[in-house]
Amino acid sequence: MLSIANKVIVKHAVTKIRYGDVLLTYGSSLAVEMILLHAHELGKQFRVVIVDSRPKLRGQQLLRRLVEKGLNCTYTHINAVSYIMHEVSRVFLGAESILSNGTVYSRVGTASVAMVAHASRVPVIVCCEAYKFHERVQLDSICSNELGDPDAISSVQGRVDVNHLDGWSDIENLQLLNLIYDAMPSDYVSMIVTDYGMVSLVLGE
């Protein structure tokens with residue numbers, strides 16, 4: 001069910017989508033999904049690039065839902081983000097939290113996508129409900145994070161021949177690190193869209 005906060009975010013963010021835009025998003029965010037669907041319902045012509053990564057591959061679920069609604073989509077993995085970015089006009093990202101120093105706390109890989117966009121001079125728009133703003137300050141992804149199942153990154157689903165890390169837990173000098181979130185510096189963010197309005201982080205906008 002779509003919350004009132006998400007409805008307001010959609011209303012604001014859809015104004016940032018123009019005719020012929022190529023919009024990139026990473027993983028799957030409910031707010032971003034609703035923005036894209038609403039823009040499509042308004043008759044705006046644009047293409048969506050969905051960037052995904054292992055092990056959860058949540059972008060595939062978003063891809064399926066958008067294609068079913070008739071949106072023009074391209075799907076790729078995060079290792080190709082620098083290649084595809086030259087086609088992109090805007091990046092829309094969701095967030096788990098926004099900290100008091102402007103750091104965006106989101107699914108691991110988000111900072112990498114934003115960094116490539118920033119280097120390519122592509123605007124990065126973060127969509128986040130106001131209740132997710134937090135007074136905490138965090139400068140990196142290591143001091144505080146959530147660890148996922150290490151077995152999730154030791155194998156590739158459907159590839160029994162990729163077994164190089166079988167029995168990794170028995171090797172004393174080997175550890176697998178499966179981080180769930182990362183911290184994206186505010187330097188990479190062009191605009192934050194919340195249910196209270198839009199906040200530009202770029203001077204002159």
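Here are a few questions and answers about helix packing and nonpolar cores in this predicted model.

User: Are H1 and H2 parallel, antiparallel, perpendicular or oblique to each other, and what is the hand of their crossing?
Analyst: Happy to start there! Helix H1 (residues 4-13) packs against helix H2 (residues 30-41) at an angle of about 50 degrees, with the axes 9 Å apart. Because angles from 65 to 115 degrees count as roughly perpendicular and those under 35 as roughly parallel, H1 is oblique to H2. The crossing is right-handed.

User: Which classes of residue make up the contact of H1 with H2?
Analyst: From H1 come Asn6, Ile9, Val10 and Ala13, and they meet Leu30, Ala31, Met34, Ile35 and His38 of H2. Sorted by class, this contact has no charged residues, two polar and seven nonpolar.

User: Which element gives the most to the largest nonpolar core?
Analyst: That core has 26 residues, and Leu24, Met85, Val91, Val126 and Met184 have the most contacts inside it. Elements supplying at least two residues each include strand E1 (21-26), helix H4 (81-84) and H5. Within helix H5 (residues 110-119), the buried residues include Val113, Val116 and Ala117. With five residues, the element that gives the most is H5.

User: Which residue just after H5 takes a positive phi?
Analyst: Good one to look for in the model! The phi there is about 60 degrees, and the residue is arginine 121.

Conventions:
Residues are numbered from 1 along each chain as its sequence is written. This is a predicted model: local features need pLDDT of at least 70, side-chain atom pairs count only at pLDDT 80 or more; totals for chains, interfaces and linings use all residues. Side-chain values use heavy atoms; hydrogens and water are left out. Axes are lines fitted to C-alpha atoms, for helices over the stretch in contact, and angles run from 0 to 180 degrees between N-to-C directions. Helices (H or I, at least four residues) and strands (E, at least two) are DSSP runs, numbered from the N terminus. Angles under 35 degrees count as roughly parallel, over 145 as roughly antiparallel, 65 to 115 as roughly perpendicular and the rest as oblique. A crossing is left-handed if the near helix is turned anticlockwise from the far one by less than a right angle, and right-handed if clockwise. Contact means heavy atoms within 4.5 Å. Ala, Val, Leu, Ile, Met, Phe, Trp, Tyr, Cys and Pro count as nonpolar, Asp, Glu, Lys and Arg as charged, and the others, Gly among them, as polar. Buried means under 20% relative accessible area, exposed over 50%, partly exposed in between (1.4 Å probe, protein chains only). A nonpolar core is a set of buried Ala, Val, Leu, Ile, Met, Phe, Trp, Tyr and Cys residues joined through side-chain atoms within 4.5 Å.
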